[in-house]
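Please open the structure in a viewer and keep the selection tool at hand.

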Amino acid sequence: GKLAPSLDAPRLPGYNRLDMCGGVAKGKGFRDPGTFWTATMTGLSPGDKVHYRYGSDADGWSEPGFFFPRPTPDMAVKVFVFGDLGTHSPDATEQPWDSVASRNSTDAMFLESLGRTLAFHVGDISYAVGYASKWDDFGSQIAPIATRMPYMTAIGNHERDWPGGIIAVEDSGGECGVPYDLRFPMPGTDRDAPWYSFDHGPVHFTVISSEHDLDDQYKFVIKDLAAVNRTITPWVVFATHRPLYVSSTNSNIPDGDQTMASQLRNVFEELLYVAEVDIVLAGHHHSYQRTCPVFKGACTKPRPNATADAYMGPVHIIAGMAGAASTTNIQTPQPPIYQMVDAEHHGYMRLNADKTTLSMEYVRTDDSTIHDKFTLTRPPPPPPTPVKAGRDPRVA
């Protein structure tokens, strides 16, 4: 179709070396990030195919691209889900934290990107860890996907953690969240407060930061989950980079897998169960893991006289297998809550949902086949109650 007149793109404030917290991010790893621009399209209708390009007459224009606006709650959605991706240069340039598997994952997702409606990256984004040029490499690597659909993220330890923060380790290389905040601004977030929520078709996503104070976020989560209308968005996904449940032998202080999982459970587990959250989505451990519906460390059982589609508890998913080197410290014997654990392969997940069904599939990139899948069902929402003529619907 014909391209509409151009939108003016305001310049965003950037960042400089002094904004970094230390380490290589403030030293040899720093590179001026250049200029950032932003533009907002309005008047888009769900189902339309929107064609666009970016640039200027002075500096040249990109190739035309396209995307589809956010689907309505009555539309089915198809979402890519993954974490801990990283980058790999196709010319084999030597770089820190190189991840060949990440390129396999992004290439595979691009090949099936037509018809997908969202990409959700649950933390540990580029693994730049202070080397600023890797953010540009990462942007180029995900561009074939991110220019076709929304690319939503949760912050991870390799974006945020540095001494002086809540988790005083050096995992960000001194970036302390600054490049991430500017390059991946999520809706409704403030500087260094990257928790938010959004609706995508019939799915509500509540996204927190496992790298910030959890008590501050608890108030946000209570308010957010209380406002969910399950007749509009019947499915609820809670996302955090670090998992609440993980098969791992790492109990180190202060940031071991089990140490952090225990803290997250203490703050959020009961709330998520009471609010009937369907999926708890995480990364961080570089593996694929899926639990049964679980509460307080055990698989839940159906309540007496419950229907087949009655809520039993959240299924916990770790999708940290997209690119970074596999984490093999799996518990032996395997705790009984885990229905699938794979710490040897890389891949990504597909989440497909409509009003009554949500399914997820784990796809390995070495053979492009599904190696795990499950389906949740809900009864159709009741039809709206008809309002008699002359009656004020606001009066009970």
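Begin by selecting Glu 112, Arg 116, Arg 350 and Glu 361, which are joined in a network of salt bridges. The model on display is a predicted one. Over the whole structure, a search finds 16 salt bridges. Side chains of opposite charge can pair when their charged atoms come close.

**First cavity**

Keep Arg 116 selected, as it is also one of the residues that line the largest cavity. The largest cavity holds about 50 Å³ of space. By class, its lining comprises four nonpolar, two polar and two charged residues.

**Second cavity**

How many cavities of 30 Å³ or more are there? The count comes to two. The volume here is about 30 Å³. Six of the lining residues are nonpolar, one is polar and one is charged.

**Salt bridges between separate parts of the chain**

Next, select Arg 183 and Asp 136, whose closest N and O atoms are 3.3 Å apart in a salt bridge. Arg 183 belongs to helix H5 (residues 178-183) and Asp 136 to helix H3 (residues 133-146), so this pair ties together parts that are 47 residues apart in sequence. Is Arg 183 buried or exposed? Its relative accessibility is 18%, and therefore Arg 183 counts as buried. Asp 136, at 30% relative accessibility, counts as partly exposed.

Proceed to Asp 192 and Arg 160, a salt bridge in which the closest N and O atoms are 2.8 Å apart. Asp 192 is found in the loop between H5 and strand S10 (196-200), while Arg 160 is in helix H4 (residues 157-160), so parts 32 residues apart in sequence are tied together. Asp 192 counts as partly exposed at 26% relative accessibility, whereas Arg 160, at 13%, counts as buried.

Now select Glu 211 and Arg 242, whose side chains meet in a salt bridge at 2.9 Å, N to O. These two residues are 31 residues apart and link distant parts of the chain. Glu 211 sits in the loop between strand S11 (203-207) and helix H6 (214-226). Arg 242 sits in the loop between strand S12 (235-239) and helix H7 (257-274). With relative accessibility of 2%, Glu 211 counts as buried; Arg 242, at 1%, also counts as buried.

**A six-stranded sheet**

For the last stop, switch to a cartoon display and select strands S9, S8, S7, S18, S19 and S20, which follow one another in that order in an open sheet with mixed pairing. Which strands form the edges? They are strand S9 (151-154) and strand S20 (369-377), each of which pairs on one side only. On average, neighbouring strands of this sheet are turned by 20° against each other, direction ignored.

Strands of a sheet pair through backbone hydrogen bonds, either parallel or antiparallel. Within this sheet, select strand S7 (residues 77-82) together with strand S8 (residues 118-122): their pairing is parallel and runs over four bridges. To end the tour, select Phe 80 and then its bridge partner in S8, Ala 119.

How values were computed:
Residues numbered from 1 in each chain as written. Predicted model: local features only at pLDDT ≥ 70, side-chain atom pairs only at ≥ 80, totals over all residues. Heavy atoms only, no water. Salt bridge = Lys/Arg side-chain N within 4 Å of Asp/Glu carboxyl O. Buried < 20%, exposed > 50% of the residue type's maximum accessible area, 1.4 Å probe, protein only. 1 Å grid on protein atoms, 1.4 Å probe; cavity = no way out; pocket = protein on both sides within 12 Å on 5 of 7 lines; lining within 4 Å. Points joined across faces, edges and corners; volume = space filled by probe spheres on them. Nonpolar A, V, L, I, M, F, W, Y, C, P; charged D, E, K, R; others polar. Pairing = 2+ DSSP bridges. Axes fitted to C-alpha atoms, helices over the stretch in contact; angles between N-to-C directions.
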